Amino acid sequence: MTNAAWETLSNQAIGAAGVVYFLALLVHLAEWASLRERVPAATASARVASGAGTDGPVAVATREPEPGAPTSQRVAFLGRLGFLLTVIALVVHLVALVGRGMAADPNRVPWGNMYEFTISGSFVVTLMYVALNRRFRLGWMAPIVLGFVLTALMVAVIWLHEEVAPLTEALNSYWLVIHVVSAIIATGAFTLGGIVSAMYLVKARRGEAVSGPLTRVPSLDVLDRLSYRIHAFAFPVWTFAVLITGPIWAHEAWSSYWNWDPKEVWAFITWVVYAGYLHARATAGWKGRNAALLALLGLATLWFNFIGINYFSSSSQHSYALEQTTITSPTRL
Amino acid sequence: MSDVRTEDSKGAERRPGELTVREMLRWAWRQLTSMRTALVLLLLLALAAVPGSVIPQESVDSLGTSRWKEQHPDLTPIYERLDLFSVYDSVWFSAVYILLMVSLVGCFIPRIAAYGRAVRAQPPRAPRHLSRLPDHTTYSTDEPADDHLARARQVLKGRGYRIRAAADGDDAVSAERGYLREAGNLVFHVSVLVVLVGFAVGGLFGYKGGVILVEGSTFSNTLTQYDDFAPGSLFRSEDMEPFSFTVDKFDVDWLLEGPRAGMATKFNASLSYREAPDAPTKQYDLRVNHPLTIGGTEIFLIGHGYAPVVTVRDGNGDIAYQGPTVFLPQDASFLSFGVIKALEARPRQLGFEGLFYPTFLMVDGDPTTVMPDDRRPVLSMLVYAGDLGLDDGAAQSVYELDKSDAEQVKGEDGKPFRVDIQPGQTVQLPDGLGSIRFDGVKPWTRIQISRTPGKEVALLGVVLALIGLLGSLFIRPRRIWVRARPEGEGTMVEVAALDRSGNGDMAEVLDGIVAELRGTEKAEA
């Protein structure tokens with residue numbers, strides 16, 4: 001295949017993935033709509049006193065409706081269909097990423113600009129959702145995750161799209177792979193964790209629902225713990241990306257491992273806020289609601305760093321002085 | 001606070017709420033080292049870092065800073081007083097992180113002592129009522145209680161638990177694991193200090209400097225050779241390593257097509273260098289992401305541009321200036337601005353100021369450069385004659401022309417005389433002032449030279465911090481108790497689990513242990 005063919009394939013695959021994500025979203029919305037008709041099963045959110053017989057605390061919150069009821073069958077079917085469609089979309093999404101990398105000459109990882117970063121980041125969000133779905137029963141999250149991924153893809157295609165181009169010289173390093181992949185993974189995980197924290201806040205405000213879609217969302221306790229687990233995974237990855245590989249690469253490319261460049265400053269701010277989140281969960285009076293607020297604050301700084309700094313900060317990306325613009329030209333990562 | 005109040009009641013003369021200095025200090029220390037304060041300080045640190053990303057920083061972008069100051073004359077004095085142009089060296093930013101570090105030290109020193117005791121301690125005795133713990137289960141077995149407990153010890157030991165030494169009359173087994181979590185936590189916090197030390201060492205003893213070198217020129221590592229130099233406050237010039245190098249050749253590839261046409265790739269500066277004046281000469285290809293390390297000093301290629309070579313003859317026909325002159329690129333098209341000063345020119349000094357077009361083309365009557373590659377170089381400059389202000393000894397930028405005592409040279413039509421030349425061409429200046437010849441173009445490279453002692457310390461610190469972090473996040477400290485009492489014919493067994501981190505799913509752990517305890521029983525039966 002020629003490079004142009006790969007690029008066309010990638011562009012078409014992104015479109016196709018978007019369509020399938022949209023179908024999955026519709027199916028999941030239909031699933032949620034079906035829930036409205038359902039009489040909620042006996043509230044079983046109280047922890048089963050005897051640990052034996054349950055398969056983990058997360059399981060406690062998923063209430064199985066009476067077996068055999070036609071609505072519950074339909075809900076289960078729609079849930080499975082939605083998940084299947086999500087997996088298909090994910091595979092197509094992967095094809096788009098691979099195509100993007102194959103289209104470049106020489107072939108490279110598809111993390112050279114904002115468009116590529118966005119489609120990779122949203123891929124990781126979906127991938128983590130799919131991977132964790134079974135273990136943590138994330139079915140309730142589907143419409144939110146899909147809505148987010150779909151929005152991210154649309155933003156990427158409409159505003160951020162760039163033709164495949166060779167990497168700028170400063171990016172031409174194997175650290176690109178290590179540094180950027182860890183940053184993307186952390187970003188995807190933080191986003192997923194942020195969704196859980198947001199749901200925590202919604203649920204804390206609305207109270208335990210007796211009917212409607214919110215009944216599917218696990219109890220506050222479970223949400224809090226789930227959010228912590230995702231963040232506990234993402235935080236070390238972010239540490240690795242921002243405080244280890246970032247400085248090493250910066251040192252190699254720009255001669256100084258920490259420059260207080262706006263991008264670095266905001267990565268540091270994000271790190272500090274999430275460190276605050278982990279602290280908060282161990283501090284009396286900060287658990288739960290305040291910790292969730294901190295998680296969302298962290299997510300806001302993360303996304304501001306990704307989007308805001310590239311567009312609002314003129315001095316960003318190490319264009320320290322004019323005579324350097326060509327080598328350390330804006331990388332927009 | 002509570003102990004303060006009791007002491008208050010003893011002192012009759014003191015009013016309520018009054019503290020002695022010692023009490024005050026102790027209170028302040030307690031406040032500072034509390035978890036809540038640490039959290040607030042963390043958030044404050046994040047907040048304090050924000051202005052530095054919005055306002056241009058002197059140390060990061062000095063050009064941008066001076067430009068910003070010109071545009072905001074009213075705000076500049078206020079911002080300067082608040083140190084907003086050097087946020088990360090400012091008193092208030094330092095105050096936040098120093099307080100945070102003090103809080104951190106105050107927090108972990110007592111914890112190290114406590115951990116030292118906890119590590120050696122035995123798991124605590126089983127609580128009287130295991131059923132009061134959130135995760136517990138009961139079952140009955142035919143096995144005698146003592147045998148069952150003995151097996152429970154084995155099972156738990158096999159799972160990496162520490163077991164409380166058995167004593168006479170015990171009806172329960174106490175087991176604990178996950179001691180390393182707190183160790184990870186402590187390692188993380190100590191490592192933060194290590195990173196800070198590494199960072200500080202680099203800032204105090206290191207230096208960073210830049211120099212622009214035209215192809216063919218030589219640099220030796222002494223202070224006078226640098227164009228700009230930023231030393232740390234404890235830097236001594238004796239620490240500079242006595243190396244020297246020559247930029248033999250600079251190559252660059254230009255992309256001619258595709259969406260990034262005009263982008264330069266594969267920068268390569270071929271250096272020949274000596275580590276010391278008497279050392280043998282070695283070769284090195286300096287590229288982006290591929291610095292040269294000499295001892296503790298590193299040399300980076302961070303920029304490039306064009307230096308037109310000209311020969312200026314004065315009114316007497318003597319050579320007044322000859323050689324390459326560095327022109328600074330104005331944008332990615334490499335349209336470059338520069339100044340040529342012929343100070344030896346007589347009767348009057350000559351100054352040229354103007355633009356260099358790498359690939360010149362007239363587009364709709366406007367001179368432009370269509371490629372950053374030097375395919376069709378053109379120099380287009382205005383000429384000044386008179387005193388260029390260098391004789392009074394005042395320092396002057398080589399990129400600026402002091403025109404206060406010089407007048408612009410005009411052509412016959414009375415308009416400013418403009419020199420537009422291509423390589424090989426010579427232009428005669430009006431009024432017999434002399435001539436200028438464009439001999440050719442040489443590339444220049446901008447080299448950054450820096451010495452950052454302590455960077456290995458900082459890296460070690462971050463890596464240790466990450467390891468500690470992983471330990472503190474993923475090691476699950478937990479306690480298990482198994483109690484067995486004879487009941488009727490068989491034995492009644494209670495198992496309870498306590499998750500000490502508050503994040504684990506103990507039900508699963510409990511299930512696993514119970515299954516193993518009962519499963520082995522069935523296997524034996």
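How are α6(A) and α7(A) oriented to each other, roughly parallel or roughly antiparallel? Before you select them, note that this is a predicted model, in which local features need pLDDT of at least 70, side-chain atom pairs count only at pLDDT 80 or more, and totals for chains, interfaces and linings use all residues. Residues are numbered from 1 along each chain as its sequence is written, while chains are lettered from A and ligands numbered from 1 in the order in which they are written.

Select residues 175–206 of chain A, which form helix α6, together with α7(A): their axes (lines fitted to C-alpha atoms over the stretch in contact, with angles from 0 to 180 degrees between N-to-C directions) come within 7 Å and cross at roughly 155°. The two helices are therefore roughly antiparallel, a word kept for angles over 145 degrees.

Next, show both chains, where 60 residues of chain A are in contact with 65 residues of chain B, contact meaning that C-beta atoms, placed from the backbone, lie within 7 Å. The largest share of the side of chain A that touches chain B, twelve residues, comes from α7(A), and α7 spans 220–254. Helices here are DSSP runs (H or I, at least four residues), and strands are runs of E of at least two, numbered from the N terminus.

Finally, move to chain B, where five strands form an open antiparallel sheet in the order β1-β24-β23-β3-β2, two strands being paired if DSSP finds at least two bridges between them. β1 (135–141) and β2 (162–163) of chain B each have a single partner strand, so one side of each is left without a neighbour in the sheet. Within β24(B), B:Val493 stands opposite B:Tyr139.

Notes
Two residues are in contact if their C-beta atoms, placed from the backbone, lie within 7 Å. Angles under 35 degrees count as roughly parallel, over 145 as roughly antiparallel, 65 to 115 as roughly perpendicular and the rest as oblique.
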